Amino acid sequence: MRYLHTMIRVTDPQATVAFFELLGLEEVRRIENAAGRFTLIFLAAPEDSNGPGKRADAEVELTYNWPAEDGSAPEAYGGGRNFGHLAYRVDNIYESCQRLMDGGVTINRPPRDGNMAFVRTPDNISIELLQAGDPLPPAEPWASMPNTGVW
């Protein structure tokens, strides 16, 4: 058995792809299905990628259901934490969190311990970041930064 991907439904594909790119993922393939009125966007960490257009070893699948042709309201998705969270190992948790903050992302649970942080996608999907190897020594501004919202 092999893990393939985690699918999350999104309401703004452009904003969500930009979020995951800030996190360090790359789009590896995209499927537009006009008959089914949906778009699938597959993203992967560079270490998991097998090249553009090819299935990666581990992927996040963003599913965007197109608005109804009759002009009715688009689908809304709440409770992004229903399935838990996605987790990614990072080489330097402080640098990763700073890059996300510089891109306008709120750090919901800062890496006060030099090991773990949580952020959320534009659709409120919780993302856990874990330091590769041993935790980094506590450092400011992270050590004294309070939690923001929920994760």
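# Packing around helix H2 in a predicted model

The buried residues of helix H2 pack against H1, strand E5 (85-90), strand E6 (107-109), strand E7 (116-120) and E8. The model is predicted.

**Helix H2**

- Ile93, Tyr94, Ser96, Cys97 and Leu100 are the buried residues of H2. Seen down the helix axis, they fall within an arc of 165°, so they line one face of H2.
- Glu95 and Asp102 are exposed on the other side of H2.
- An α-helix has 3.6 residues a turn, so residues three or four places apart point the same way.
- Asn92 is placed at the start of H2, where one of its side-chain oxygens comes to within 3.0 Å of the backbone nitrogen of Tyr94.
- After H2 comes Gly104, with a positive phi near 90°.

**Helix H1**

- In H1 (residues 13-23), the buried residues are Pro13, Thr16, Val17, Phe19, Phe20 and Leu23. The arc they cover around the axis is only 155°, which puts them on the same side of H1.
- Leu23 belongs to H1 and has a relative accessible area of 9%, so it falls under the 20% limit and is buried.
- Neighbours within four places in sequence aside, the contacts of Leu23 are Tyr88, Arg99, Leu100, Ile127 and Leu129. Among these, Leu100 is also one of the buried residues of H2, and Tyr88 is on the covered face of E5.
- Between Leu23 and Val150 there are 127 residues in sequence and 19 Å in space, taken from C-alpha to C-alpha.

- The covered face of E5 consists of Leu86, Tyr88 and Val90, while His85, Ala87 and Arg89 make up the uncovered one.
- In a regular strand the side chains alternate between the two faces of the sheet.
- E5 pairs with E8 in the parallel sense, over six bridges. In this pairing, Ala87 stands opposite Glu128 of E8.

**Aromatic rings and a charge over a ring**

- The model has three aromatic pairs. One of them, Tyr94 with Trp142, is stacked, with 6.2 Å from centre to centre and 5° between the planes.
- Tyr94 is in helix H2 (residues 93-102) and Trp142 is in the segment after strand E8 (126-131), so this pair ties together parts that are 48 residues apart in sequence.
- Tyr94 and Trp142 are both buried.
- At another ring, that of Phe42, the charged end of Arg29 sits over the ring at 3.7 Å from its centre.

**Glu27 in strand E2**

- Glu27 lies in strand E2 (residues 26-33). Its relative accessibility is 31%, so it counts as partly exposed.
- With residues up to four places away in sequence not counted, Glu27 touches Val17, Ile41, Phe42 and Leu43. Of these, Val17 is among the buried residues of H1, and Phe42 is the residue whose ring lies under the charged end of Arg29.
- The side chain of Glu27 also has a polar contact, at 2.8 Å, with the side chain of Arg30.
- Glu27 and Pro46 are separated by 19 residues in sequence and by 9.7 Å from C-alpha to C-alpha.

**The loop between E7 and E8**

- Thr121 is placed in the loop between E7 and E8. With a relative accessible area of 5%, Thr121 is buried.
- Not counting residues up to four places away in sequence, Thr121 touches Phe19, Phe20 and Ile127. Phe19 and Phe20 are among the buried residues of H1, and Ile127 is also in contact with Leu23.
- Asn124 is in the loop between E7 and E8 as well. At 41% relative accessibility, Asn124 counts as partly exposed.

- Most residues other than glycine have a negative phi, and most peptide bonds are trans.
- Asn124 is not a glycine, yet its phi is positive, at about 70°.
- Arg37, another residue other than glycine, has a positive phi near 60°. Arg37 is in the loop between E2 and strand E3 (38-44), and at 25% relative accessibility it counts as partly exposed.
- The peptide bond between Glu140 and Pro141 is cis, with omega at about 10°.

Notes: Residues are numbered from 1 along each chain as its sequence is written. This is a predicted model: local features need pLDDT of at least 70, side-chain atom pairs count only at pLDDT 80 or more; totals for chains, interfaces and linings use all residues. Side-chain values use heavy atoms; hydrogens and water are left out. Rings of Phe, Tyr and Trp (its six-membered ring) pair if their centres lie within 6.5 Å; planes under 30 degrees apart count as stacked, over 60 as edge-to-face and the rest as tilted. Helices (H or I, at least four residues) and strands (E, at least two) are DSSP runs, numbered from the N terminus. Buried means under 20% relative accessible area, exposed over 50%, partly exposed in between (1.4 Å probe, protein chains only). A charge sits over a ring if NZ of Lys or CZ of Arg is within 6 Å of the ring centre and within 35 degrees of the ring normal. The arc is that of the directions from the helix axis to the C-beta atoms. Contact means heavy atoms within 4.5 Å. A polar contact is a pair of N or O atoms within 3.5 Å; within protein, one must be able to donate a hydrogen and the other to accept it, and residues adjacent in sequence count only if both atoms are side-chain atoms. Two strands pair if DSSP finds at least two bridges between them.
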